[in-house]
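Student: I have a model to go through. Can we take it residue by residue, then helix by helix?

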Amino acid sequence: MPSGDQRAAERALGHCLAVEPDEGLAVLASRLTLTALDTADPGTPSARNLLAHLTSRTGESGDGYALRGLLTHEGVRHRRDPVQSAALERALAACALGSAALPDALRSRLEEALEHARGVLEKSPFDPGSPGANPLERRVRTAPSSVTSARASPSNSGV
């Protein structure tokens, strides 16, 4: 690699080391860092330092997509510490990507949210009118159980 490219790669590594991604940006930061590592000489102290930082940051993020990206990246696969790789693989397994299953804690939170939404909808008053072709006009309609009969004999009335 020409020396100009090496200097640019070192600067990119330095910039990536300074990035602390906000919530939800773990994948972007991880991919950006992996790209910078691809351009650098893996034997340099800055590349080793950045890889250690990326491994730690990604493991702590708990973001399954970022973890999977780090674990499957060819350029760094052989440079990771086996103990760290095992920890990352366990963290990835806990994310359950592709398993079509939610961890119990997340499933419980989702079910609570759905129950809350159901309660709000059940307590909401039924509005028998719905907008017609003219938004200022309302259709007269009975409760949902008799929608079929309302369709059989439509009765539109003006406001």
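Student: Is valine 76 buried or exposed?

Tutor: First, the ground rules: this is a predicted model, where local features need pLDDT of at least 70, side-chain atom pairs count only at pLDDT 80 or more, and totals for chains, interfaces and linings use all residues. Residues are numbered from 1 along each chain as its sequence is written, and side-chain values use heavy atoms, with hydrogens and water left out. Buried means under 20% relative accessible area, exposed over 50%, and partly exposed in between (1.4 Å probe, protein chains only). Valine 76 has 0% relative accessibility, so it is buried.

Student: Which residues does valine 76 touch, not counting residues up to four places away in sequence?

Tutor: Valine 76 sits in helix H5, residues 74-77. Helices (H or I, at least four residues) and strands (E, at least two) are DSSP runs, numbered from the N terminus. Contact means heavy atoms within 4.5 Å. On that test valine 76 touches Leu34, Leu37, Leu51 and Leu70.

Student: How many Å separate valine 76 and leucine 51, C-alpha to C-alpha?

Tutor: In sequence the two are 25 residues apart. In space, the C-alpha to C-alpha distance is 7.9 Å.

Student: Which residues of H3 are buried?

Tutor: Helix H3 covers residues 45-61, 17 residues in total. The first and last C-alpha atoms of H3 are 24 Å apart, close to the 24 Å expected at 1.5 Å a residue; the expected span is 1.5 Å times one less than the number of residues. The buried residues in H3 are Ala47, Leu50, Leu51, Leu54, Thr55, Arg57 and Thr58.

Student: At what angle do H3 and H4 pack?

Tutor: Axes are lines fitted to C-alpha atoms, for helices over the stretch in contact, and angles run from 0 to 180 degrees between N-to-C directions. The H3 and H4 axes are 8 Å apart, and the angle is about 145 degrees.

Student: Which residues make that contact between H3 and H4?

Tutor: By class, the contact has four nonpolar, three polar and no charged residues. Here Ala, Val, Leu, Ile, Met, Phe, Trp, Tyr, Cys and Pro count as nonpolar, Asp, Glu, Lys and Arg as charged, and the others, Gly among them, as polar. H3 gives Leu54, Thr55, Thr58 and Gly59, and H4 gives Ala66, Leu67 and Leu70.

Student: How many charged residues are in the contact of H4 with H6?

Tutor: H4 (residues 64-72) and H6 (residues 82-95) have axes that come within 9 Å and cross at roughly 140 degrees. Gly64, Leu67, Arg68, Leu70 and Leu71 of H4 meet Ser85, Leu88, Glu89, Ala91, Leu92 and Cys95 of H6. Seven residues are nonpolar and two are polar, while the charged ones number two.

Student: Which residues does threonine 44 contact, leaving aside neighbours within four places in sequence?

Tutor: Threonine 44 is in the loop between helix H2 (26-39) and H3. With 14% relative accessibility, threonine 44 counts as buried. The contacts are Gln6, Glu10 and Leu13.
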